[in-house]
Amino acid sequence: MTEELAAPLSAEDQMVQSMADASPTKWHRAHTTWFFETFILLPHARGYRPFDERFTFLFNSYYKRLGGHPVRAQRGLWSRPSLAEVGDYRAHVDRHIAAMLSDGVSPEIERLLELGVNHEQQHQELILTDIKHALWVNPLQPAYTESSTEPRCQAAPMQWLDYPGGEREIGYRGDGFCFDNETPRHSLLLRPFRLASRLITSGEYLEFMNDGGYRRPELWLSEGWDEACGNAWDAPLYWHRDGDRWLQFTLAGERDVEPAEPVCHVSYFEADAYARWAGARLPLEAEWEVAATALPVAGNLLEERRLHPAAARGSGLQQMFGDCWEWTASPYVGYPGYQPDPGALGEYNGKFMCNQMVLRGGSCATPRSHVRSSYRNFFPARARWQFSSLRLAK
């Protein structure tokens, strides 16, 4: 899947880093390979020789216990190694992983392999979100893929769905894979709550904009107001006005904003301001998980190849998986009794439990097998380049 997502991109495309929060496609391909080499082959494959010893430092992302790493914001400056060398690096590591698997692996290595696959799935989504931003800042605004938009339609009416309060449990339950930040499963007390049946649409968000939503400080958190003013926000990322029309940039190029589709690429601050304007709030992550647990993981996810949010249809609780990540009102912190994985892998999730907000549900760029009701994504409140949206709660 990683190679399939990279295939439409030229060598020049794969080197671009359009902002410090994003990374080049070439780097994503090399770093995910580095993960398998660093955590599996080097410590566990007898006689393994690294493809290039310099890559151990070059493609380390943020693991401080592994001897340092380059400055993140400079990843787009590396014309070397070439794209062909990165392809050779991936093939080299693949061969050795395949040889290891053919000999049989221990439960410990099997767990590391599963972590490596899930790590790579996260970077598959980042390949798409990062190249979208890179193509958008290009004055030509080229398309990554052909349009897969649907005919204009009406969004399903929004309903309010009631959930009882009481003692509930959240956190991963089962024998399959999960990240350490989804554990331990634990009980908590929820008050009765209501969830909106679907995501907020672009048409509904336009009403907020037309009512002066970006000019009314009483709707905004203080830090959010500073971000909005300092960066001249007046619409979601990738939107711009052309006369009386609002246009948006998508992975299939520029097109009209469709009122029925979920609003996308909004920060936590914008989501929170909209919720206040609407007389509601954002859901707690526990409320979201309690509501989602009984639902199958199905929706507009990466395998649909639409790569853009779709309008909600039908009735009942919708769009809990796919379309857009949903901002919650919960800060990203460890659950009661949380213990990060031992060693350098403990830096994977735990070290980011400060100044981040939780998102739930996956997006149109998330692999279906990667997401589940207990999955916790997290980003700074200012982040907009991810496929992020909002659902109301009361």
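A salt bridge here is a side-chain nitrogen of Lys or Arg within 4 Å of a carboxyl oxygen of Asp or Glu. By that rule, I found 26 salt bridges in the structure.

Some ground rules for myself. This is a predicted model, where local features need pLDDT of at least 70 and side-chain atom pairs count only at pLDDT 80 or more, while totals for chains, interfaces and linings use all residues. Residues are numbered from 1 along each chain as its sequence is written, and side-chain values use heavy atoms, with hydrogens and water left out.

I looked up D21, which pairs with R382; their closest N and O atoms are 3.0 Å apart. D21 sits in the loop between α1 (2-6) and α2, and R382 in the loop between β10 (377-379) and β11 (388-389), so the pair ties together parts that are 361 residues apart in sequence. My element names follow DSSP runs, numbered from the N terminus: helices are H or I with at least four residues, strands are E with at least two.

**Entry: α2 and α4**

Next I checked how α2 (residues 25-44) packs on α4 (residues 83-102): the angle is about 35° and the axes are 9 Å apart. Axes are lines fitted to C-alpha atoms, for helices over the stretch in contact, and angles run from 0 to 180 degrees between N-to-C directions. On the α2 side, the contact (heavy atoms within 4.5 Å) includes W34, F36 and I40, and on the α4 side Y89, V93 and M100 are among the residues. I sorted this contact by class and got 11 nonpolar, five polar and four charged residues. Nonpolar means Ala, Val, Leu, Ile, Met, Phe, Trp, Tyr, Cys and Pro; charged means Asp, Glu, Lys and Arg; the others, Gly among them, are polar.

**Entry: α6 and α8**

Here the axes of α6 (residues 202-210) and α8 (residues 268-277) come within 11 Å and cross at roughly 80°. That makes α6 roughly perpendicular to α8, a label for angles of 65 to 115 degrees. E204, Y205, E207 and F208 of α6 meet E270, A273, Y274 and W277 of α8. This contact has five nonpolar, no polar and three charged residues.

In what order do the three strands of the open sheet run? I read β5-β6-β7, with antiparallel pairing; two strands pair if DSSP finds at least two bridges between them. The edge strands, β5 (239-242) and β7 (253-256), each pair on one side only. β6 (residues 245-250) and β7 are joined over four bridges, and T250 has G253 in β7 as its bridge partner.

Technical notes: Angles under 35 degrees count as roughly parallel, over 145 as roughly antiparallel, 65 to 115 as roughly perpendicular and the rest as oblique.
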